[in-house]
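I opened this entry to look up two things: what surrounds the ligand, and how the chains meet.

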Amino acid sequence: MNCLERVLTTLGHKEPDRVPLFLLLTMHGARELGMSIREYFAAPANVVEGQMRMQARYGHDCLYTLTYAAVEVEAWGGEIVFRDDGPPNAGQPIIRRPEDIEKLEPPRVRDSSSLGRVLAITAGLKARAGDRIPIVGVALSPFSLPVIQMGFDKYIQLIYDRPELFARLMRMNEEFCVEWANAQLEAGATAIGYFDPVSSPTITPRELSRRTGLDIARRTISRIKGPVAMSMGSGRCLPVVDDVARMGAPIIAASALEDLAGTKTACQGRMTVLGNLNGIGMRRWTPAQAEAEVKKAIAGAGQGGGFILCDNHGEIPWQVPEGVLHAISDAVNEWGRYPLDWVGPS
Amino acid sequence: MRELEQSARELGEALLSINRLAAREVITTATAKWGAVCTMEELIAPTLERIGAGWERGEVALSQVYMASLICEEMLPAISPTERPARRQPKMAIAVLEDHHQLGKRMVAQVLRAGGFELLDYGHGVRADSLVDRALGDDVGILLISTLMLPSALRVKEVRSRLSDSKTGIRLVVGGAPFLFDADLWQEVGADAMGRCATDAIRVVTALMDGEGGRL
Ligand code: B12
């Protein structure tokens, strides 16, 4: 089986040859190419080369086009703050006062050079990988993007105190998100990771989220013309699994804060579970620990397919050593072969 | 104290449902009855701590913790205790190390102030060297650090080593998402204590003043 066949089989809730592994590496490609993180992200060709080399090295089952989440606010006129030892972040918010929302104009995807770079990465990977390896793109949800458009504190107050301005911002963000996700699919992405941590009950109470973030997600996802993985960015998802299942997202990402087997059971064959290795914890794993964590995840959620092993956030931190990535990949090859006779019935 | 318990329950409900008017009513009545210091220490602080404990268990959302501590902090001018600070305390300061994510810091500051403590705010994007210089200059006894990004959390090591070089007894309290996902990280970076939620700050600071350390 090639990577795409393996992933499609598990998405069909059948057992492929082995548990698929997504190593969602963004910055490690810079190390691979001997560049600074900033230099690496500046040219799409670097990221294409970095992704292809890492996939060849670890043998995992996807290519990842995420550079950094703030690339989206860059398109709205925001600045980016780079550092040498970690992910770039959004700089000063583009919305300083809630009233700024009245005059805000959303960017067009095709006019944005920052998004253009991601589309070029997507097309470049598609040209190299063809239909062998799934290409995973990312879109921040309309409901989560405002945290980096205006700052988290101001945004929470906007949700509670300024319903009209909140609604206006959501309308703009929704159009932007749909256009952005579909542009990536057209450029060659196989699936879109819909990043929506603010809809997670970790951040927003479930009842409020049902009226806001989850409802927006339902509408937005129905307009994205390809498979979507709902990711709450390592926030909790268990209390809203049913809401997400009804949205038509075929995949849900599980948090390390929750029980993986419990999440798989809650999905009841309606969604494939992605997760939930602890990326931050990974930094200090020994090879034996990496093997134990992989075994635990596979034992919890591997039986019957419907499972992709992955980190719990959607990005493996820069501080995670290559040795740990090798150990994870080796452990999947050792313990992830179907049938999972060593596990026992689920 | 049955009355105080009843008020705490009412305040908790008002805060969790982001009902500013009801929360203000409870706090104003309590201040008139029991005075500002008692209201902060015996009503507001434990109520916020209970809300924070709910967040740790996954039953309360972060937006509720934020709004709850914001509403309490907004009430401070109306409470206006005669003594400042309302509590016996060492000098304290808080900063976001290197990072620019300010919500965690803002919440900790809101909680501590609403609970009757005073603290200096050193802002965000602060580097280890200038942070230590400022803390020494201000004769700070407890330094609180919030970080959201892992590399920033790791930079606490540098703060610790500079503090150790200076041979002062400044106690270091850390918090933020990286410390929640790696339970041993606070010790690795040399902190004296960590808080799992912003509302933990009161308990942690009080315990440090009593000479304890650790994940309190
Ligand atoms: C919502 C979210 C997002 C949103 C908004 C991000 C933002 N805040 O700007 C979006 C989708 C945009 C996003 C993007 C990114 N994210 Co994000 N995101 C989250 C999430 C779910 C919550 C973050 C948050 O702001 N929470 C609110 C703060 C206040 O919570 P907190 O830090 O936990 O603080 C609480 C306690 O810890 C405590 N506390 C905090 N400080 C202190 C201090 C003291 C002294 C005490 C006592 C207590 C205390 O009180 C607070 C309230 O109780 C977390 C995962 C999670 N489950 O927490 C990841 C997380 C923060 N993200 C992460 C990352 C890496 C990113 C990106 C850099 C990814 C990328 N490569 O682009 C971007 C950065 C965006 C930017 N700023 O430019 C990582 C950071 C750690 C790391 N790996 O380095 C996290 C932890 C995910 C993970 N598990 O790895 N993200």
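I began with the ligand site in this predicted model, and I note that the site is shared between chains, because residues from chains A and B surround the ligand. I find 42 residues around the ligand, the closest being A:Ala69, A:Ala90, A:Glu315, B:His101 and B:Ser146.

I then looked up polar atoms facing the ligand. For A:Ala69, a backbone N or O atom lies 2.7 Å from an oxygen atom of the ligand, and for A:Ala90 I read 2.7 Å as well, again from a backbone N or O atom to a ligand oxygen. From chain B, a polar backbone atom of B:Ala198 is 2.9 Å from an oxygen atom of the ligand.

By class, I record 29 nonpolar, 11 polar and two charged residues in the shell around the ligand. The largest share of that shell, four residues, comes from α6(B), while the elements that each supply at least two residues include β3 (86-90) and α8 (146-150) of chain A.

Next I turned to the interface, where 30 residues of chain B are in contact with 27 residues of chain A. I put the area buried between the two chains at about 2,400 Å², with 59% of it given by carbon and sulfur atoms.

For charged pairs, the rule finds seven salt bridges across the interface of chain B and chain A; I looked up B:Asp182 with A:Arg284, whose closest N and O atoms are 2.5 Å apart.

Key
Residues are numbered from 1 along each chain as its sequence is written. Chains are lettered from A and ligands numbered from 1 in the order in which they are written. This is a predicted model: local features need pLDDT of at least 70, side-chain atom pairs count only at pLDDT 80 or more; totals for chains, interfaces and linings use all residues. Side-chain values use heavy atoms; hydrogens and water are left out. Contact means heavy atoms within 4.5 Å. Buried area is the accessible area (1.4 Å probe) that two parts lose on being put together, summed over both. A salt bridge is a side-chain nitrogen of Lys or Arg within 4 Å of a carboxyl oxygen of Asp or Glu. A residue is near a molecule or strand if one of its heavy atoms lies within 4 Å of it. A polar contact is a pair of N or O atoms within 3.5 Å; within protein, one must be able to donate a hydrogen and the other to accept it, and residues adjacent in sequence count only if both atoms are side-chain atoms. Ala, Val, Leu, Ile, Met, Phe, Trp, Tyr, Cys and Pro count as nonpolar, Asp, Glu, Lys and Arg as charged, and the others, Gly among them, as polar.
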